[in-house]
Amino acid sequence: PFPPASIVRQVVLNESRLNNIVQFGARDQLRVVAKYSARPELVQASVSRDGSHDASAQARAFEALRCDFRFERTEWTRNDEVRLQIPFAIGSGFFDVLYLDGQLRVDRDRN
């Protein structure tokens, strides 16, 4: 009974909190709120010219941010007004972020 997801995005609210949002149609969304902290980390990666993973290429180290996170809560919003807290915002982990420019980034989840 759910429409297909139309938008999936992550919104960084401040230096310690972010929202993961899945939009369904124009007025329904699933929001997972998390606390996070970021620290510089050297990440080994090997890529080909077209951006795909290349096992034969020599790995290079890139400076990225390692973001540790812990989910806090999940809520479903229906028709922009009905909010339902869902009790499955559990878990923690980390992901690496490499900024390509001021707006474009690549994330790699290791969980």
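Predicted model: local features only at pLDDT ≥ 70, side-chain atom pairs only at ≥ 80, totals over all residues.

Biologist: What makes phenylalanine 71 partly exposed?

Modeller: Phenylalanine 71 has a relative accessible area of 26%.

Biologist: Why is the pair of phenylalanine 24 and tryptophan 76 called tilted?

Modeller: The ring centres of phenylalanine 24 and tryptophan 76 are 5.4 Å apart, with 45° between the planes. Rings pair if their centres lie within 6.5 Å, and planes under 30 degrees apart count as stacked, over 60 as edge-to-face and the rest as tilted. The pair is therefore tilted. Because phenylalanine 24 lies in strand E2 and tryptophan 76 in strand E4, the pair ties together parts that are 52 residues apart in sequence.

Biologist: What makes the pair of phenylalanine 69 and phenylalanine 71 tilted?

Modeller: Their ring centres are 5.0 Å apart and their planes are at 55°, so this pair is tilted. Ring pairs also link Phe69 and Phe71 with Phe95 into a cluster.

Biologist: Which residues form the largest nonpolar core?

Modeller: That core has seven residues, Phe69 and Phe95 among them. Strands E3, E4 and E6 each supply at least two residues of this core.

Biologist: Which residues are closest to the centre of the second largest pocket?

Modeller: Among the eleven lining residues, these are Gln10, Asn20, Phe69, Phe95 and Asp109. Strand E7 gives the most to this lining, with three residues.

How values were computed:
Residues numbered from 1 in each chain as written. Heavy atoms only, no water. Core = buried A, V, L, I, M, F, W, Y, C linked by side-chain atoms within 4.5 Å. Buried < 20%, exposed > 50% of the residue type's maximum accessible area, 1.4 Å probe, protein only. Helix = DSSP H or I, 4+ residues; strand = E, 2+ residues; numbered from the N terminus. 1 Å grid on protein atoms, 1.4 Å probe; cavity = no way out; pocket = protein on both sides within 12 Å on 5 of 7 lines; lining within 4 Å. Phe/Tyr/Trp six-rings, centres within 6.5 Å; stacked < 30°, edge-to-face > 60°.
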